[in-house]
Amino acid sequence: MNTRTTYDSIHQAAQQLLAGRLVAFPTETVYGLGADAESPEAVARIYAAKGRPSNHPVIVHVAPGADLSYWAKNIPDEAHALIRAFWPGPLTLILERADHIPAQVSGGQTTIGLRCPAHPVARQLLEVFSALKNGNGGVAAPSANKFGQVSPTQASHVRDEFAGLDETDLFVLEGGSSEVGIESTILDLSRLESVGPVLLRPGHISATDIAGVLGVMPREHADAAAPKVSGSLKAHYAPHTPLLLRSRVDIDRLVGLGVDAVLSLAGLDSTLRGNQRVAILAIGPVASDLGGKSDAGFTWVSAAEDPVAYARDLYANLRRLDLGGFDCLLVQAPPEEAAWHAVQDRLKRAAAAFSS
């Protein structure tokens with residue numbers, strides 16, 4: 001896999017996309033696994049590499065200033081207002097898909113998710129690729145990880161995730177660590193007249209931010225008729241190590257009961273408790289000379305108290321702990337505050353992967 005990020009490598013990556021192959025690239029949210037959005041065969045390679053169900057839609061990334069009417073139809077004024085306010089940036093808009101755009105990017109639905117990322121490498125790649133496609137190129141790209149697992153925020157995460165693919169199969173562009181660290185906000189504008197704007201996935205751009213542009217607060221819970229979107233399954237964003245989400249009071253109580261009590265709570269029988277070690281991801285400082293305290297088998301790790309900084313580091317922390325040889329990850333539940341809504345969403349879905 002190639003991890004250089006130079007003028008030549010961006011053009012090489014664009015040629016790779018044009019040839020129907022895969023390119024992993026950085027965005028401000030997470031790294032994406034990209035393919036030509038207008039090639040059903042190329043999009044199918046994304047699904048195959050990730051092990052993603054074909055009815056689970058992906059987001060199409062477009063260059064700044066892209067002609068939205070090429071990708072969508074019946075575009076409301078509200079979409080243009082949000083684009084002026086937040087693009088390039090971590091906001092995905094769900095609109096009615098243009099008739100000539102393949103349904104594969106939408107999981108067979110009549111809608112399409114569109115976003116213009118802010119990361120400079122992503123913008124350059126999209127601009128070069130769009131030029132190769134007569135000004136209308138778009139890159140379909142979910143997160144560059146196996147389906148349902150922790151999203152990558154560094155190029156090294158992508159390389160680890162797809163270690164079996166060589167440069168011909170997957171070209172990786174380097175772009176440092178993602179600044180936002182969690183996936184984009186997804187807003188449904190495809191049913192404005194009947195339902196109004198609906199927030200289908202929380203993210204860095206909040207419902208309040210959106211209301212400041214639209215003059216109306218979006219609904220914050222998807223209804224039964226809402227389009228399917230990326231990251232909307234009950235269980236998602238999960239590490240391989242069992243993860244429990246608990247309040248700080250419950251964590252302190254469990255520590256008092258001992259490691260075996262935590263492992264029993266995680267549903268691990270005695271044959272699966274090889275290391276007898278539990279990592280605790282706590283919010284705020286933990287006492288120790290080394291930045292984490294130890295209580296007979298428990299390893300405490302401190303995460304940021306600020307929700308923006310916590311989100312930026314979340315997936316990197318989960319990946320690091322996942323490789324630490326722990327039997328279980330015990331994660332402190334974030335505060336029930338609007339600023340933590342997106343982080344709560346990711347952690348609840350990660351924990352749901354291990355609940356019966």
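Reader: How do the residues that line the largest cavity divide by class?

Author: The lining has seven nonpolar, 15 polar and six charged residues. Ala, Val, Leu, Ile, Met, Phe, Trp, Tyr, Cys and Pro count as nonpolar, Asp, Glu, Lys and Arg as charged, and the others, with Gly among them, as polar. The model is predicted: local features need pLDDT of at least 70, side-chain atom pairs count only at pLDDT 80 or more, and totals for chains, interfaces and linings use all residues. Residues are numbered from 1 along each chain as its sequence is written, and side-chain values use heavy atoms, leaving out hydrogens and water.

Reader: What makes a space a cavity, and how many of 30 Å³ or more are found?

Author: On a 1 Å grid over the protein atoms alone, a cavity is a set of points where a 1.4 Å probe fits but cannot get out. Grid points are joined across faces, edges and corners, and the volume is the space filled by probe spheres set on them. A search of the whole structure finds two cavities of 30 Å³ or more. The largest has a volume of about 270 Å³.

Reader: Which residues count as its lining, and which lie nearest its centre?

Author: A lining residue has an atom within 4 Å of a point. For the largest cavity there are 28 of them, and Val30, Pro142, Ser143, Glu183 and Arg201 lie nearest the centre.

Reader: What is known of the second largest cavity?

Author: The second largest cavity holds about 90 Å³ of space. It is lined by 15 residues, and Pro57, Val58, Ile94, Gly113 and Lys228 are the closest to its centre. By class, this lining has nine nonpolar, five polar and one charged residues. Strand E6 (residues 111-115) gives the largest share, three residues.

Reader: What makes Asn74 and Tyr237 buried or exposed?

Author: Buried means under 20% relative accessible area, exposed over 50%, and partly exposed in between (1.4 Å probe, protein chains only). Asn74 has 58%, so Asn74 is exposed. Tyr237 has 2%, so Tyr237 is buried. Most residues other than glycine have a negative phi. Asn74, however, has a positive phi of about 55°, and phi of Tyr237 is near 60°.

Reader: How do you know that the buried residues of H7 line one face?

Author: Helix H7 (residues 248-257) has Ile251, Leu254 and Val255 as its buried residues. Seen down the helix axis, they fall within an arc of 105°, so they line one face. The arc is that of the directions from the helix axis to the C-beta atoms. The face turned away from the buried side carries the exposed residues Val249, Gly256 and Leu257.

Reader: Why is the chain called as compact as a globular protein of its length?

Author: The chain has ten helices and 15 strands. Its radius of gyration is 21 Å, close to the 21 Å that the globule rule gives for 356 residues, so the chain is as compact as a globular protein of that length. The radius is taken over C-alpha atoms, and the rule is 2.2 Å times the number of residues to the power 0.38. Helices (H or I, at least four residues) and strands (E, at least two) are DSSP runs, numbered from the N terminus.

Reader: What share of the residues of the chain counts as buried?

Author: Of the 356 residues, 56% count as buried.

How values were computed. 1 Å grid on protein atoms, 1.4 Å probe; cavity = no way out; pocket = protein on both sides within 12 Å on 5 of 7 lines; lining within 4 Å.
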